[in-house]
Amino acid sequence: MEISGLEDEYRLAAGMPMLLYVKRPAPNQEPGLAKMLDDIRATGKTSYREFTTAKELEWLLADDLAVLLSESFADATISTWALRPSSAAPGESGRTKLPSGTVTFLLTDIEGSTQLWESEPEAMEVALRRHDRLLAGVIEEYGGRVITSRGEGDGFFAFFPSAVAAVEAAGVCQLRLGREEWPTGIALRVRTGLHTGEARLRGRDYIDHSPINRCARVRAAAYGGQVLLTNATRDLVAGRLGGGFGLKQLGEFRLRDLAEPQLIFQLTHADLPADFPPIRTLAGRGGNLPLQVTSFIGRARELEQIAAALGEARVVTLTGPGGVGKTRLALQAAGQVSPRFGGGTWLCDLAPVRDVAGVEDAVAAVFSLAARAGHTTRDVMVEFLRGKQLLLLLDNCEHLLDGAAALARTLQRSCERLVILATSREGLGIEGERLVPVPTLGVPGADADLAAITEAEAVRLFAERADAVKPDFAVTDQNAAQVAAVVRRLDGIALAIELAAARVPAMTPAELARRLERSFGVLAAGRRGADPRHQTLRATIDWSFQLLTEPERRLLCRLAVFAGGCTLEAAETVCGGDGTDLDTDIVFELLARLVARSLVVAEEHGPESRYRLLETIRQFSEERLGEAGEIERWRARHADYYASLLPRIRDQSHDPGAEVLWARLSADQDNLLAAWSWAIDIGKVDTAFFDAGRLRAQRGQD
Ligand SMILES: Nc1ncnc2c1ncn2[C@@H]1O[C@H](COP(=O)(O)OP(=O)(O)O)[C@@H](O)[C@H]1O
Ligand SMILES: [Mg+2]
């Protein structure tokens, strides 16, 4: 079938919000259309939904509009916050400091607003003016700031420094809306979502949209008259709400596009309606795949190959050198096939696990399982997983091949519906394993024209990441040849390309190409024999490292002692402060710059951000630390910090907001274990005997 018309439309609309509504192509009849849809899905930028009834379509539309809206709002936040006083980092003059810190977002909209506009335009005009005045008044009264009012859905977007004030304001809005005398025929029913998160930099000037998106998803789940909030907000307000307000837990729900299930609460009050239909969420899927904040590029063929392999083999291993993109590809593939797995898709990262014996515990921890009297961890795990149709993603197996292989064999034998997707530099070497080698990203040939250059995967990745740090960056006739030279020089290795693209604010592609040519000549010389792609990556990491300032380097190296990432507070206390040469106050600034250079990954975790090194970078940093003879020093500080975190959490465990600490504790399990095993290895008794057992018992009683 000829589909060029549709394809052209799609291309012409690039960069604009699009809604494609397609009847499922019949197998074999419309291969062109099927391929086009697959390509669109593979870009990873589309929200691809299936629906069967008109009602479902209506919900999907309402939902997607809500997110679109929140994204345009998010841009508005930049201009507001940019007015804040700037604080220049050492060595960088006068850059505007965008918001950092935790705020509570409030998003509202009017249920059925479009219909009301159609049926009662004049009355709606009047009603809406009152609505606007009322909401703006309450938000201001409670110390909030309106970012935008009257978007699509006639909603408000505001943020509050205080979570309690935000929640009370949302409740007071509902109470006053309920008491308002509306013009005939119009009763405005407002739905509200609240979420607390960190307003965060991405790259140099961007706000991370994920907390705002989460808030929009929560709002989209609500009905008119209902106020919903996330557990992040609940944790900060529990027991502290005045004005007769209370909270009711509705349970854990899967919201569209959010990887982890969200615990949702409803605001209650004697004068507000209490009973609503079950909230609108994505049912059925489960798992713990992390939300990816950067876009996914290309890989259509590999995704197809992996999807097919997962249907045929019970253990599929993606192999390839570090930084080539195995983990990212595995996450994307797992997300795509997740509808096939009723038991969910679950990620277990083995990078922080030190020895073979720890593999089972790491997998058990993913499902919160532990050995119990008379049953080993393995027994408990097998019993739990048996019969479940579940995809287990075992990431970073290379340093524990035997342990991963033994576990995969056991699970293969005892849990007949479980499928394992592993990533590793080499295969696990077990029977029935299907290997899928992950190639480097496609690079343009030496004689490629502009179109061919911009379409190459490696160039697309470079352009996307460069655009994130330098918003006006584009591949043009002027720079295309140099960009092509850069990605060719980097062998299409995803991580190397990200590191180079992060330098675009300071260097043009031509300068980059020259610099790489020069430093690689030096760096790669005399390293024969190893995998050339490995050499390229090493050289790129080395090069990015050389370009860092001295304090940035110090921080990066020290971050290598964390297992599974850390909070800002942990980075400040372990890597800086008393007895070190880094001032606590500058750690955040340094961290933000390392994030901008793609050397550190920032992730949203409940109300807190966590900072993590990709495993390849962590190993590199650890080596540098080792060369300086400093590993033990920073491990000791790491262990001290985590040992002192536990009693602190215990002391505060009944204070309001203690849940935030619990959330931190659960995210820090790998760090606690690392601290503990270090202390035991070294015979450091005080640290080794920190009181983990008592904490567990106490948590059980809460
Ligand atoms: N197809 C892709 N699209 C976008 N980013 C990618 C892609 N492949 C890899 N990356 C990015 O490149 C970096 C290295 O990839 P990763 O999956 O961690 O490599 P590996 O697991 O092979 O070491 C990560 O920051 C990742 O997000
Ligand atoms: Mg990996």
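## Around the ligand

By class, the shell around ligand 1 holds seven nonpolar, nine polar and four charged residues. Here nonpolar covers Ala, Val, Leu, Ile, Met, Phe, Trp, Tyr, Cys and Pro, charged covers Asp, Glu, Lys and Arg, and the others, Gly among them, count as polar. In total 20 residues surround ligand 1, and the closest are Gly325, Lys326, Thr327, Arg328 and Ala494. A residue is taken as near a molecule if its C-beta atom, placed from the backbone, lies within 6 Å of it.

Two elements each give two or more residues to this shell: helix H10 (326-337) and helix H17 (494-501). Helices (H or I, at least four residues) and strands (E, at least two) are DSSP runs, numbered from the N terminus. Ligand 1 lies between domain 3 (300-437) and domain 4 (450-535), because both give residues to its shell. The domain bounds come from an automatic or database domain assignment.

## What kind of model this is

This is a predicted model, in which local features need pLDDT of at least 70 and side-chain atom pairs count only at pLDDT 80 or more, while totals for chains, interfaces and linings use all residues. Residues are numbered from 1 along each chain as its sequence is written, and chains are lettered from A and ligands numbered from 1 in the order in which they are written.

The mean pLDDT of the chain is 81, and 78% of its residues reach 70 or more; pLDDT is the predictor's confidence in each residue, from 0 to 100. Over residues 693-702 the pLDDT is below 50, and this stretch has four contacts in the model beyond near neighbours in sequence. Residues 522-527 also stay under 50, with six contacts beyond four places in sequence. A contact is a pair of residues whose C-beta atoms, placed from the backbone, lie within 7 Å. Where pLDDT is low, the predicted coordinates should not be read in detail.

## The chain as a whole

The chain has 28 helices and 17 strands. Of its 702 residues, 41% count as buried. Buried means that 20 or more other C-beta atoms lie within 10 Å of a residue's own, exposed means 12 or fewer, and partly exposed is in between, with C-beta atoms placed from the backbone. Among contacts with a separation of 6 or more, 73% come from residues 24 or more positions apart.

## Covered elements

Let's return to a helix that lines the ligand. Eight of the eight residues of H17 are buried: Ala494, Leu495, Ala496, Ile497, Glu498, Leu499, Ala500 and Ala501.

Strand E3 (residues 156-160) is largely enclosed by the rest of the structure, because five of its five residues are buried. Both of its faces are covered, with Phe156, Ala158 and Phe160 on one side and Phe157 and Phe159 on the other. E3 pairs with strand E1 (residues 102-110) in the antiparallel sense over four bridges, and Leu107 has Phe157 as its bridge partner in E3. Two strands pair if DSSP finds at least two bridges between them.

E15 is joined to strand E17 (residues 608-612) by two bridges, and Thr567 has Arg610 as its bridge partner in E17.

## Residues worth a look

Leaving out residues up to four places away in sequence, Ala170 touches Leu106, Thr192, Leu194, Val227 and Leu267.

Leu418 is found in the loop between helix H13 (401-414) and strand E13 (419-424), and Leu418 counts as buried with 22 C-beta neighbours inside 10 Å. Beyond four places in sequence, Leu418 is in contact with Leu385, Lys388, Leu390, Leu392 and Leu411. Arg299 is in the loop between strand E9 (262-268) and helix H9 (300-312), while Ser598 lies between helix H22 (584-596) and E16.

Terms used: Two residues are in contact if their C-beta atoms, placed from the backbone, lie within 7 Å.
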